[in-house]
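Notebook open. I am going through a predicted model and writing down what I look up.

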Amino acid sequence: MVVAPSATAWLAAERSGPAGSRVVMARGPLLTEEIAEEGPLRTTYPDAVRLRGPDATVAAVLSALDGASVAHLAAHGAHEPSNALFSRLELADSPLFAHELSGLRQPPGQVVLAACELAMHHIRPGDEALGFAGALLAGGVRTVVAAVTRVGDLAAANAMVEYHAQVAGGIRPAVALAHAVATDPFRRPFICLGAG
């Protein structure tokens with residue numbers, strides 16, 4: 001199943017053109033290589049652009065995201081309910097805010113937010129859903145995989161390794177995620193948003 005904030009958002013995602021072929025993996029501070037899935041994902045995506053440590057700055061991550069096919073962002077994040085466009089991912093130099101993603105010329109085709117609760121959103125008057133994942137979809141990202149509640153680091157890491165292996169094998173994101181979360185109830189906060 002795929003969740004979309006609106007029928008218009010789903011249709012726009014379904015009609016979006018193909019993204020590039022580059023895979024981006026970025027790791028924020030305070031995450032170990034094991035929790036950030038870097039070892040297993042190196043096998044799945046041997047040619048991926050990898051940003052970690054002091055290299056995972058806001059400018060570097062935004063630059064790498066522009067035109068990527070798949071982006072895996074393993075970083076702690078926070079949903080800001082009072083102004084969801086200020087929901088953020090913690091990177092090496094400062095937070096990457098949701099509103100900063102609107103500056104991408106060609107948004108990535110798929111973004112995986114392997115962080116806490118970044119699929120959460122705040123409903124504004126008129127039923128407008130805003131949040132980090134919503135900002136990605138509004139900015140033209142076709143598919144977003146993220147958690148709606150807190151998820152443990154190890155459960156998230158294991159789910160994302162299985163998910164990416166299936167997606168790299170040609171399985172649609174929604175189906176791959178359904179398989180990856182079905183084996184462990186602690187993985188179930190992850191959902192597929194947009195078009196999958």
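I started with Phe86. Its relative accessible area is 37%, so I log Phe86 as partly exposed. Next I looked up Phe97. Its relative accessibility is 23%, which makes Phe97 partly exposed too. The cut-off for buried is under 20%.

I then searched for aromatic pairs. The count is one. Phe86 and Phe97 form that pair, with 5.6 Å centre to centre and 70° between the planes. I note it as edge-to-face, since that label needs planes over 60 degrees apart. Where do Phe86 and Phe97 lie? Phe86 is in the loop between β4 (77-78) and β5 (88-90), and Phe97 is in strand β6 (residues 95-97). The pair therefore ties together parts that are 11 residues apart in sequence.

Sheet next. I traced six strands in an open sheet, in the order β2-β1-β3-β7-β10-β11. The pairing is mixed. Which strands stand at the edges? They are β2 (49-51) and β11; each has a single partner strand, so one side of each has no neighbour in the sheet. On average, neighbouring strands are turned by 15° against each other, direction ignored.

I checked one pairing in detail. β1 (residues 23-27) and β2 run parallel, joined over three bridges. Met25 has Arg50 in β2 as its bridge partner.

Then the helices on this sheet. I find α3 (residues 58-65) across β1, β2 and β3 (70-74), at about 160° to β2. Helix α5 lies across β3, β7, β10 and β11, at about 160° to β7.

On to helix α6 (residues 173-182). I list its buried residues as Pro173, Ala174, Ala176, Leu177, Ala180 and Val181. They sit on the same side of α6, because they cover an arc of only 160° around the axis. What do the buried residues of α6 pack against? I get β7 (110-113), β10, α5 (153-168) and β11 (190-194).

Last entry: Thr143. I place Thr143 in strand β10 (residues 143-147). Is Thr143 buried or exposed? It is buried, because its relative accessible area is 3%. A polar atom of the Thr143 side chain lies 2.2 Å from the backbone oxygen of Ala195.

Methods
Residues are numbered from 1 along each chain as its sequence is written. This is a predicted model: local features need pLDDT of at least 70, side-chain atom pairs count only at pLDDT 80 or more; totals for chains, interfaces and linings use all residues. Side-chain values use heavy atoms; hydrogens and water are left out. Helices (H or I, at least four residues) and strands (E, at least two) are DSSP runs, numbered from the N terminus. Buried means under 20% relative accessible area, exposed over 50%, partly exposed in between (1.4 Å probe, protein chains only). A polar contact is a pair of N or O atoms within 3.5 Å; within protein, one must be able to donate a hydrogen and the other to accept it, and residues adjacent in sequence count only if both atoms are side-chain atoms. The arc is that of the directions from the helix axis to the C-beta atoms. Contact means heavy atoms within 4.5 Å. Rings of Phe, Tyr and Trp (its six-membered ring) pair if their centres lie within 6.5 Å; planes under 30 degrees apart count as stacked, over 60 as edge-to-face and the rest as tilted. Two strands pair if DSSP finds at least two bridges between them. Axes are lines fitted to C-alpha atoms, for helices over the stretch in contact, and angles run from 0 to 180 degrees between N-to-C directions.
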